[in-house]
Amino acid sequence: MPSTRSWFLQIPGIDKGIHFSFYFALISAVRLAAPYRQSYRPSRRWMLLIFAAAYGGVIEWLQGSYFGQRCEIWDEAANVAGAAAALWLIPQSWFDRTAQWFGRK
């Protein structure tokens, strides 16, 4: 019987890329929604990273415990990597300009 999964999801490693991208977008949106300059402080960045790691860990645990899917540590690693990339690779000035476009500054 042929697989019911989409051909896209059968690409090796695509799952980790999806995890990375989702957490990158999630934390970027949180930074954009944060008050001006609040997301720049190092303590806030660490708080967001811990939140992303905890949220991803709970989701992975629930997936393995209650929904019959596998709980994978590499999915969690991709989650944390995506969050860290959004926190430390995108400069605050980009978020400041974007906030200006939306009239938040």
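1. A salt bridge here is a side-chain nitrogen of Lys or Arg within 4 Å of a carboxyl oxygen of Asp or Glu. On that basis, D15, K16, R70, E72 and D75 are joined in a network of salt bridges. The count of salt bridges comes to four. The model is a predicted one, and the points below should be read with that in mind.

2. Overall make-up. The protein chain has four helices and zero strands, and its elements run α-α-α-α from the N terminus on. Of the 105 residues in the protein chain, 29% are buried. Among contacts in the protein chain with a separation of 6 or more, 69% are accounted for by residues 24 or more positions apart.

3. K16 and E72. The side chains of K16 and E72 form a salt bridge, with an N to O distance of 2.9 Å. K16 belongs to helix α1 and E72 to the loop between α2 and α3 (73–88), so this pair ties together parts that are 56 residues apart in sequence. K16 counts as partly exposed, at 26% relative accessibility.

4. K16 and D75. K16 also meets D75 through their side chains in a salt bridge, again described by an N to O distance of 2.9 Å. Here K16 in helix α1 is linked with D75 in helix α3, and these distant parts of the chain are 59 residues apart. D75 has a relative accessible area of 2% and is buried; the cut-off for buried is under 20%.

5. R70 and E72. A further salt bridge joins R70 to E72, where the closest N and O atoms are 2.8 Å apart. R70 is exposed, at 61% relative accessibility.

6. Packing of α1 on α2. Two packed helices are described by the angle between their axes and the distance between the axes. For helix α1 (residues 14–33) and helix α2 (residues 42–66), the angle is about 140° and the axes are 11 Å apart. That makes α1 oblique to α2; the cut-off for roughly antiparallel is over 145 degrees. The crossing of these two helices, α1 and α2, is right-handed. On the α1 side the residues in contact are H19, Y23, I27, V30 and R31, and on the α2 side they are R45, L48, A52, Y55, G56 and E60. By class, this contact of α1 with α2 holds six nonpolar, two polar and three charged residues.

7. Packing of α1 on α3. Helices α1 and α3 pack at an angle of about 35°, and their axes are 7 Å apart. The crossing of α1 and α3 is right-handed. From α1 the contact takes in D15, K16, H19, F20, Y23, F24, I27, S28 and R31; from α3 it takes in W74, D75, A78, N79, A81, G82, A83, A85, A86 and L87. The residues in this contact of α1 with α3 divide into eleven nonpolar, four polar and four charged. K16 and D75 are both on that list, and their side chains form the salt bridge described in point 4.

8. H19. This residue is found in helix α1. H19 is buried, with a relative accessible area of 15%. Leaving out residues up to four places away in sequence, H19 touches E60, D75, A78 and N79. H19 is listed in the contact of α1 with α2 and in the contact of α1 with α3. The C-alpha atoms of H19 and A81 are separated by 9.2 Å, while the two residues are 62 residues apart along the chain.

9. A83. This residue lies in helix α3. A83 counts as buried, at 0% relative accessibility. Its partners, not counting residues up to four places away in sequence, are Y23, F24, I27, L49 and A52. A83 and Y23 are 60 residues apart in sequence, and their C-alpha atoms are 5.2 Å apart in space.

How values were computed:
Residues numbered from 1 in each chain as written. Predicted model: local features only at pLDDT ≥ 70, side-chain atom pairs only at ≥ 80, totals over all residues. Heavy atoms only, no water. Axes fitted to C-alpha atoms, helices over the stretch in contact; angles between N-to-C directions. Parallel < 35°, antiparallel > 145°, perpendicular 65-115°, else oblique. Left-handed = near helix turned anticlockwise from the far one by under 90°. Contact = heavy atoms within 4.5 Å. Nonpolar A, V, L, I, M, F, W, Y, C, P; charged D, E, K, R; others polar. Buried < 20%, exposed > 50% of the residue type's maximum accessible area, 1.4 Å probe, protein only.
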